[in-house]
Amino acid sequence: MAASAVFNDAEEPLLEGVCGQTILRLCSRGSAIIAELSRLAEHVPAAFLGVELCDPAERATAARYAPVLFTQRYMSEPEVFDSQVSDSVELSDLDDESQATHEAIVGRFYTLFDSIWKYHEDLRSFLEQLDEGFFIQSTMEAVLLDTDGRQLVAEAMALKGMMLLLMDRKIPGVARERLVVAHLRYQGEGAARNVEPVSRLCKDSGFLDRRFAERRADVLALRAGPHGSRAHNRAYAEALGGCRPKQYPLALFARAPLPAAAVSQLLGTLRSDDIYNKLKIFPRPDHRSAALAQQAALVYVVLHFAPADLIRDRSKMRELVDRHFSDSWVLPVYMGFTVDLSREWAEFPAAMAAMQTDTLRPDRVSELARRAAEQQRRADASLRELLAEGALTETTVTDGVKAVLDVLRESNIALRWLMLHRHTAHAGFRAAVLEHAPPDDEMLDMLLRTAEFEFRLKGLLNDVIDKRAASWAEAQALVSSQLSQLAALFQGTIPSDIDTDEGLAEWFLRLAGEVNALDPSRPTVAGRKVHKLVLALREVQEFESVDSHPIVVEFLRTTADRLGGMVRLLNVEESVVQHTELIADLSYAWGTIIESLLPMMHDRIQRSPAALASMRALFHKLTSILNIPVARVVQAGSKDLESIAKHYSTQLVAFVRRVMEAVPLVVFQVLERVARVRSESLVDTPVTFEVGHLSSLARLEARHELALRTHQIAVFTDGVVRQEKALLGVIQLDPRAILHDGIRKQLVARVVRALDEALVFDLSGLDGTKAPRGHDPRASVLSAMAAAGHTLRSLHASVEYIQDFIGITGLRMWQEEVSRAFAFYAEQEANRFVRKRVAPDASIHQSAAAPIPLLTSRDGDVTFGFLGRTLCALEALTRPGLTVFSPAADGWFTPEGVEFAGLRMLAALRDCVGVPGLVGLDRLLGFQAVRHVDRGLRRFVAEMRAGASEVLTSFRADLIPTTALLTRGVFVHDAVCKRLSTQLGAATADVVALGHSQLLRRALAHQLRQASSLESGLLFSAADTLNEAVLNDVRRHYHRPADNAFPTAENPLLPQLAALLQQCGVADPMHRIYVTRDATPLLDLWLALIVLVNAPRFRYDTDFRTLVQSDFSRGAIDVDGVPFCAGIATLLRQLHPRVFRSTFGFLGQYVRSAIHVALIAKRPQPVPAAVVNAVVIMQTVIDLLGLPRDTLTAFVPAHVVACVTSQ
């Protein structure tokens, strides 16, 4: 029965049946899952990594979310953890924020983990069905006898193991646990799929990859003691050594076991067979480790599903080691994942014993290193000969394709062994390898020469194959013609002194016919026939009738040579190109190995820009990394092909960018010198000057240095610009575009660094700290802004100066990158004010080609970077209670009348950060205003729930209707304000903070308006005119909706126009709607009480022409007149107009009643100052809202207003 199944499988290819297609689709899915794992591993949120494992720059974010992100301890007592969050308002808000921020990425990670589990279930089910005979005529034995079958089964199991290994290395266990628990909490247990098995699969194994282990050790060591101390060093070593469980990763693989019988059968096949048939490509015995490298990676992974073999079965392990690891112990497994068996198998007795028998003996290691070094030297000498001018031609390839492939094979095998084993983890073995191995520079030289040789060889082989049919036909016709001429010569048809010979003539005609009958599509048959023809032509030369005529002999020799050329054409088949691709594989070096060569590559490019051209072939050689992950995806025709190929191609292009960024790095190093020369040594030449001053104004030495540096920049970039476009994977590589991206990267990095270093403010005395004697915080802010502005202007001028020499649009690049940097940092700063945060790598302003660098927070800095510090400095300099805002002077002054922050400082700010910086600050203030509005409204709701609603309801009943005078005067107001003084005081702080942000926004809008009208007058006028036209259309729509349509939601006009108007400073912040809120009962009375409780705290200052705080002593409430009024006006703008009318109705009633009480007294008294202040506040709010000034007379009679204002 089994024999019959094997016979039938041989009859019908496995891949044409259900069994073959099932396992093929599994392998395709596995490749797609690993690609997604690799993609997501680069975006693990810092909050889920935790303080110990995240990047140092993101530790504050990780610490912030730590209280609401739980490990799998949550599974045992979910109610306890949930109650901890729900019982705290702060934790509840933080949990909601975490869900809004991370829900999408958490869901994607859970889908990945669920896909890994489903893959395991489907693979296990397939193997069980195969064993049970579910697939007709297909058993495990039959599948393993099929070439495709054994490859696919081995790959399917190995892919499962690779998922586990890569998941554990790239996504730490604690992060996996937090991601799974977060998904469960966000979606609910009913919505989450396979919660129990996925949780078990993702449980922390105790293993930490080196990158995460070093971060964790650094944190733990810093807790133990200061850097460099004995306690610090001891803690660091202990933490670094405790990141690998015993006999790892057997426990991890035990979470998803595979059928033992299937694993055992597969290992038996791998012990005996060459499943990829690569031994014919690497025929020599000393090439076996290279020939079986791909199979050896499968062996390494699959062995973890058979732990007994690794631990106890010495005979099996000896067979596997002798076959796959006899001269190699550093093994590339999958896409940059490399293992060192001297460390990985150290805790497995049987495996280690097999390795130590021969491979890992110290003398054997030295011998292998010496042999590889000698092989490298021989191959390098051969490469130098073949790469000499004119040495490698089509003739060389067709005549000696075997010799050429031997050189290619030798060089790649030597490179492979040396590049892998020079990174062995065993210190003694590494020393032995490095003792014999060539220096790093020579290794890089040989790698580049090998890549160049392969590049040329592939080009020649492809040319030969492309022209083979035409060359064959031409040679065939020529040989046939020559043989026919020889026949005619011996027939006497052609006059000559040669005796006729009918036998020879017929023989030559018969040979001509055989030549014409040769079929190049059957190279083996054609080659044997040609070989016989050549032998026949050589034998006929010995005939007396032929040998006596030198012309005939030469003719025969030429014909034989042409037949030999036809044979050589047959030798260059497409399989030769395929073998060349397999031999030239460089996927083993992807990751750490090739990255270790980057510093040397950069050094070469910086010393000689021409070196970049020699690396072009290396980039093409690296495309071999795509062969393994996409092979089965292509074969299965999966729709995932595009995304997988794009992912790995993007990684490849990213490496090329890192290599080529040496050029823009040098450009900007020279550019810094250019900037210094232009700013320090060169001065503007006056229009008229004395002839005697010509030599001093010329500055010839400085101009010579400037020209020299500019020429140096042009030379460096010329080599990149001249390179042609190339296809790397599925992405076309444009060297010019990469140069531009590299310049953008360096430019934005320098802009950000300059701003971060310069915009550091000493606010001592303003932030509660004691200021040194004579310290002026305002001067500190102005000097920092001036320094930053000077640096940016110098850099800007230098970029524009060299733009023509390197072929860039400098002004456009400057504006785009500076705008992008400010927009990015404004977005990141805004995370402090929004519920759904934007991660730095998820920002629309971030770019993989030209990334904006992330700044590390300074000590005690609560902001994200320079933009946040600048905003904090502005807020500190204009803080209510410290300063007084004067609307007449549009600035902030000290109570003594000294300008503290006004037009001069804002102009300095504009010169420093430009329009993009002002727009970024305006955006931050907008988010801040939203938070203040939301906080104020939420505080009102909370106070109402806490009992204030009963007080206000009762009070409101006493005030209705507001048109009537109060019988008890204003005493009832005083009583309520006293009873709610604590609550109204907290609300006052929110109102003042809101008004403060609004006034700063208005000041920035004035600067934006001035800048746009002066620097872009046409654009400003066009935007202003378009704004008026759109407003008129909107008004017509509301007047006649049927005749005038309103722009639809899909129409981008309104949002784009609003953004443009904001950047031009046309939009008035006081007219902006931040939140929409339905009418809330008692809110109007609440706002009126806020005004009334603060009215006594003000006095009207005739110098500032506004209300100012009456008490500036320490401990007084920080409040200022105009910011307070601006806050009230902004809150009223967010609400329905009837809230404004009812609020002012209560205030008007208060004013009228207070005046009435004062006038009807036995002794007429002056109107109280609080009443005067209330009227001034009402009028100021009306002015800020842009309402007509006579609006106040609807609530306070005109004669009363006149009476009050005359006091």
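Rings of Phe, Tyr and Trp (its six-membered ring) pair if their centres lie within 6.5 Å; planes under 30 degrees apart count as stacked, over 60 as edge-to-face and the rest as tilted. This is a predicted model, so local features need pLDDT of at least 70 and side-chain atom pairs count only at pLDDT 80 or more, while totals for chains, interfaces and linings use all residues. Residues are numbered from 1 along each chain as its sequence is written, and side-chain values use heavy atoms, with hydrogens and water left out.

**Stop 1: a ring cluster**

Select Phe822, Phe824, Tyr825 and Phe866. Ring pairs link Phe822, Phe824, Tyr825 and Phe866 into a cluster. Across the whole structure, a search finds 24 aromatic pairs. Zoom in on phenylalanine 822 and phenylalanine 866: the ring centres are 5.8 Å apart and the planes stand at 85 degrees, so this pair is edge-to-face. Phenylalanine 822 sits in helix α43 (residues 810–830) and phenylalanine 866 in helix α44 (residues 866–877), so the pair ties together parts that are 44 residues apart in sequence. Helices here are DSSP runs (H or I, at least four residues), as are strands (E, at least two), numbered from the N terminus.

Now colour by accessibility. Buried means under 20% relative accessible area, exposed over 50%, partly exposed in between (1.4 Å probe, protein chains only). Phenylalanine 822 is buried at 1%, and phenylalanine 866 is buried at 0%.

**Stop 2: a second ring pair**

Select phenylalanine 1140 and phenylalanine 1195. The pair is edge-to-face, 6.2 Å centre to centre, with 85 degrees between the planes. Phenylalanine 1140 belongs to helix α52 (residues 1137–1160). Phenylalanine 1195 is in the loop between α53 (1169–1184) and α54 (1198–1205), 55 residues apart from its partner. Both phenylalanine 1140 and phenylalanine 1195 are buried.

**Stop 3: backbone exceptions**

Most residues other than glycine have a negative phi, and most peptide bonds are trans. Start with tyrosine 248 and proline 249. A cis peptide bond joins them, with omega about 10 degrees. Proline 249 lies in the loop between α13 (230–241) and α14 (250–254).

Next, go to isoleucine 960 and proline 961. Their peptide bond is also cis, omega near -5 degrees. Proline 961 is in the loop between α45 (903–959) and α46 (971–979).

Which phi does asparagine 277 have, positive or negative? Asparagine 277 has a positive phi of about 55 degrees, although it is not a glycine. Asparagine 277 is partly exposed, at 35% relative accessible area.

Finish at leucine 1082. Its phi is positive too, about 75 degrees. Leucine 1082 counts as buried, at 11% relative accessibility.
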